[in-house]
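Student: I have a model open and I want to learn to read it. Where do we begin?

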Amino acid sequence: MNIAAQHVVSIHYEVKDEDGVVVDTSEGRDPLVYLHGNQNIIPGLEKALNGLAQGDGFDVQVTPEEAYGELQDGLVQSVPMASFEGVEKVEEGMVFTAQTQGGPLQVTVTAIEDDTVTVDGNHPLAGKSLSFKGEVAEIREATAEELEHGHVHDGTADE
Ligand code: ZN
């Protein structure tokens with residue numbers, strides 16, 4: 001069986017950023033399981049896996065556009081300290097969930113100056129080229145229910 005749309009695919013993988021720093025890996029964990037052709041994973045990786053068979057290795061460079069997108073200046077905002085009501089001490093690196101017009105957005109505090117806090121809603125890996133290296137662990141047909149839902153049922157997720 002080769003990877004195609006409507007297959008459930010398990011992969012072991014390691015992701016490195018442009019500096020060769022490992023940003024994510026399945027080592028020591030269960031493989032990543034996803035429904036192929038449903039945008040469950042980043043487009044560049046999904047494209048590279050298409051047609052591979054069980055046991056095949058992959059080693060692919062993915063541009064920001066095909067990974068987590070380019071950095072968007074509009075997602076960096078200055079907000080008054082007073083908007084962090086109930087937070088004892090706001091510090092750089094803290095992550096909050098902000099309510100936006102587009103729904104909840106994870107933002108990271110990147111700077112604090114007096115009573116002004118700069119928050120960045122870009123994905124931590126936005127603007128970065130990533131390299132994915134790994135191996136296809138398993139491929140199976142998706143069930144009718146999985147196809148209907150557009151995601152994998154593996155007994156652990158919120159199905
Ligand atoms: Zn479901």
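Tutor: Begin with one word: contact means heavy atoms within 4.5 Å. This is a predicted model, where local features need pLDDT of at least 70, side-chain atom pairs count only at pLDDT 80 or more, and totals for chains, interfaces and linings use all residues. Residues are numbered from 1 along each chain as its sequence is written, and side-chain values use heavy atoms, with hydrogens and water left out.

Student: Which residues is Glu146 in contact with, leaving aside its neighbours within four places in sequence?

Tutor: Val8, Leu35, Arg140, His151, Val152 and His153.

Student: Where is the place of Glu146?

Tutor: First, the general idea. Helices (H or I, at least four residues) and strands (E, at least two) are DSSP runs, numbered from the N terminus. Glu146 lies in helix α2, residues 144-149.

Student: Is Glu146 buried or exposed?

Tutor: Use the cut-offs. Buried means under 20% relative accessible area, exposed means over 50%, and partly exposed is in between (1.4 Å probe, protein chains only). Glu146 has a relative accessible area of 1%, so it counts as buried.

Student: Which backbone atoms does the side chain of Glu146 reach?

Tutor: Think of polar contacts. Such a contact is a pair of N or O atoms within 3.5 Å; within protein, one must be able to donate a hydrogen and the other to accept it, and residues adjacent in sequence count only if both atoms are side-chain atoms. The Glu146 side chain reaches the backbone nitrogen of Thr143 at 2.9 Å. It also reaches the backbone nitrogen of His153, at 2.9 Å.

Student: Now the sheet. In what order do the four strands run?

Tutor: Two strands pair if DSSP finds at least two bridges between them. Here the order is β5-β8-β7-β6, in an open sheet with antiparallel pairing. The edge strands, β5 (76-80) and β6 (95-100), each pair on one side only.

Student: How many bridges link β6 and β7?

Tutor: Six, in the antiparallel sense, with β7 covering residues 103-113. Thr97 has Gln106 as its bridge partner, and Ala98 has Leu105. A hairpin of two residues joins β6 to β7.

Student: What joins β7 to β8?

Tutor: Five bridges; these strands run antiparallel, and β8 spans residues 116-120.
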